[in-house]
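The lead sentences come after the display, followed by points grouped by topic.

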Amino acid sequence: MGSTVLSLRIDGELLDRLRSHAAKRGMSVQDYVVRTLIREDFDERFKTAVDETEKFYGPESAGPEDHVRPSAGIA
């Protein structure tokens, strides 16, 4: 898998916040942004998979056994 360059123009205040968040984790800004994007992409794909699973199995009413449903804890 190759890599591609993505150039962004961002506000100085946002860059300072990104630097702060990255520094807290001992990461570069680039690594922090890439990990954040990967995490967001995973969350979206996971939610889509949950939605598709619920469509396949049909809606269920929430009850005491809700912890076993695929959407448990997903808003």
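A residue is called buried under 20% relative accessible area, exposed over 50%, and partly exposed in between, with a 1.4 Å probe and protein chains only as cover. At 45% relative accessibility, Arg19 therefore counts as partly exposed. The model is predicted, so local features need pLDDT of at least 70 and side-chain atom pairs count only at pLDDT 80 or more, while totals for chains, interfaces and linings use all residues. Residues are numbered from 1 along each chain as its sequence is written, and side-chain values use heavy atoms, leaving out hydrogens and water.

**Overall make-up**

- The chain has two helices and zero strands; helices (H or I, at least four residues) and strands (E, at least two) are DSSP runs, numbered from the N terminus.
- Helix α1 covers residues 12-24, and helix α2 covers residues 29-57.
- Of the chain's 75 residues, 9% count as buried.
- Accessible areas come from the Shrake-Rupley method with a 1.4 Å probe, and for residues only the protein chains shown count as cover.

**How the two helices meet**

- The axes of α1 and α2 lie 9 Å apart, and the helices pack at an angle of about 90°.
- Axes are lines fitted to C-alpha atoms, for helices over the stretch in contact, and angles run from 0 to 180 degrees between N-to-C directions.
- α1 and α2 are therefore roughly perpendicular to each other; angles of 65 to 115 degrees count as such, whereas those under 35 are roughly parallel, those over 145 roughly antiparallel and the rest oblique.
- On the α1 side, Leu15, Leu18, Arg19, His21 and Ala22 meet Val29, Tyr32 and Val33 of α2, where contact means heavy atoms within 4.5 Å.

**Leu15**

- Leu15 lies in helix α1 and counts as partly exposed, at 25% relative accessibility.
- Leaving aside residues up to four places away in sequence, Leu15 touches Ile10 and Val29.
- Leu15 and Val29 are 14 residues apart in sequence, and their C-alpha atoms are 8.4 Å apart in space.

**Salt bridges**

- A search of the whole structure finds five salt bridges, each a side-chain nitrogen of Lys or Arg within 4 Å of a carboxyl oxygen of Asp or Glu.
- One of them joins Arg19 to Asp16, with the closest N and O atoms 3.5 Å apart.
- Both Arg19 and Asp16 belong to helix α1, three residues apart, about one turn of the helix; Asp16 is partly exposed at 47% relative accessible area.
- Another links the side chains of Asp41 and Arg45 at 2.9 Å, N to O.
- Asp41 and Arg45 are separated by about one helical turn because they are four residues apart in α2, and Asp41 is partly exposed, with a relative accessible area of 37%.
- Lys47 and Asp51 also form a salt bridge, their closest N and O atoms being 3.1 Å apart.
- Lys47 and Asp51 are four residues apart in α2, so about one helical turn separates them.
- Lys47 counts as partly exposed at 34% relative accessibility, and Asp51 is partly exposed at 30%.

**Nonpolar surface patch**

- Leu6, Leu8, Ile10 and Leu14 form a nonpolar patch on the surface, with about 390 Å² of accessible area together.
- Patches are made of residues with over 30% relative accessible area and no salt bridge, joining like charges within 9 Å and nonpolar side chains (Val, Leu, Ile, Met, Phe, Trp, Tyr) within 5 Å.
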